[in-house]
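Me: Hey, I'm new to this one. Can you walk me through it in plain words?

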Amino acid sequence: QVQLVESGGGLVQPGGSLRLSCEASGSIFALNVIDVMGWYRQAPGKQREMVATVTRGGSTNYGDSVKGRFTVSRDNANNKVYLQMNSLRPEDTAVYYCNANIRATNFWGQGTQVTVSS
């Protein structure tokens with residue numbers, strides 16, 4: 001089993017930046033076989049969508065709406081994943097969830113609220 005804890009959400013003005021962090025904990029075996037980590041988000045009344053993912057080897061994938069604005073990174077040694085969000089827009093407002101995939105099983109954090117508003 002893996003537990004994920006997010007931090008770094010909050011209120012920011014349009015055009016601003018935020019950095020989300022997520023730390024995974026659990027059994028050493030489970031942590032060592034985490035393949036993909038990443039971020040998803042869910043706005044009120046909408047389905048959860050992929051924001052950005054990163055493999056253990058560093059390959060990244062981004063949702064179309066965040067390309068060029070968000071950057072995902074990973075610290076394998078410390079079991080952490082980060083999301084640097086720049087040029088934030090009101091439509092980025094959502095609950096952001098950390099995700100870890102282990103052999104086709106998904107683990108989720110509790111979510112952190114990001115609100116972009118003036």
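Me: Let's start with Arg69. Leaving aside its neighbours within four places in sequence, what is it in contact with?
Reply: Arg69 is in contact with Gln84, Met85, Asn86, Ser87, Leu88, Arg89 and Asp92. Contact means heavy atoms within 4.5 Å. Before we go on: this is a predicted model, where local features need pLDDT of at least 70, side-chain atom pairs count only at pLDDT 80 or more, and totals for chains, interfaces and linings use all residues. Residues are numbered from 1 along each chain as its sequence is written, and side-chain values use heavy atoms, with hydrogens and water left out.

Me: Where is the place of Arg69?
Reply: In the loop between strand S6 (60–62) and strand S7 (70–75). Strands (E, at least two residues) are DSSP runs, numbered from the N terminus.

Me: Buried or exposed?
Reply: Arg69 is buried, with a relative accessible area of 7%. Buried means under 20% relative accessible area, exposed over 50%, and partly exposed in between, using a 1.4 Å probe and protein chains only.

Me: And what does the side chain of Arg69 reach at 2.8 Å?
Reply: The backbone oxygen of Ser65.

Me: OK, salt bridges. How many does the count come to?
Reply: Four. A salt bridge here is a side-chain nitrogen of Lys or Arg within 4 Å of a carboxyl oxygen of Asp or Glu.

Me: Which residues are linked in a network of them?
Reply: Arg41, Glu49, Arg69 and Asp92. In one of the pairs, Glu49 meets Arg41 at 2.6 Å, N to O. Arg41 also meets Asp92, at 2.9 Å.

Me: Switching topic: which residues touch the most other members in the largest nonpolar core?
Reply: Val2, Leu4, Trp39, Leu83, Met85 and Tyr96, out of 32 residues. Strand S9 (residues 94–102) gives the most to this core, with five residues. By nonpolar core I mean a set of buried Ala, Val, Leu, Ile, Met, Phe, Trp, Tyr and Cys residues joined through side-chain atoms within 4.5 Å.

Me: Last one. What about phi of Ala104?
Reply: Phi of Ala104 is near 75 degrees, a positive value in a residue other than glycine. Ala104 lies in the loop between S9 and strand S10 (105–108), and is exposed at 68% relative accessible area.

Definitions and conventions
Helices (H or I, at least four residues) and strands (E, at least two) are DSSP runs, numbered from the N terminus. A polar contact is a pair of N or O atoms within 3.5 Å; within protein, one must be able to donate a hydrogen and the other to accept it, and residues adjacent in sequence count only if both atoms are side-chain atoms.
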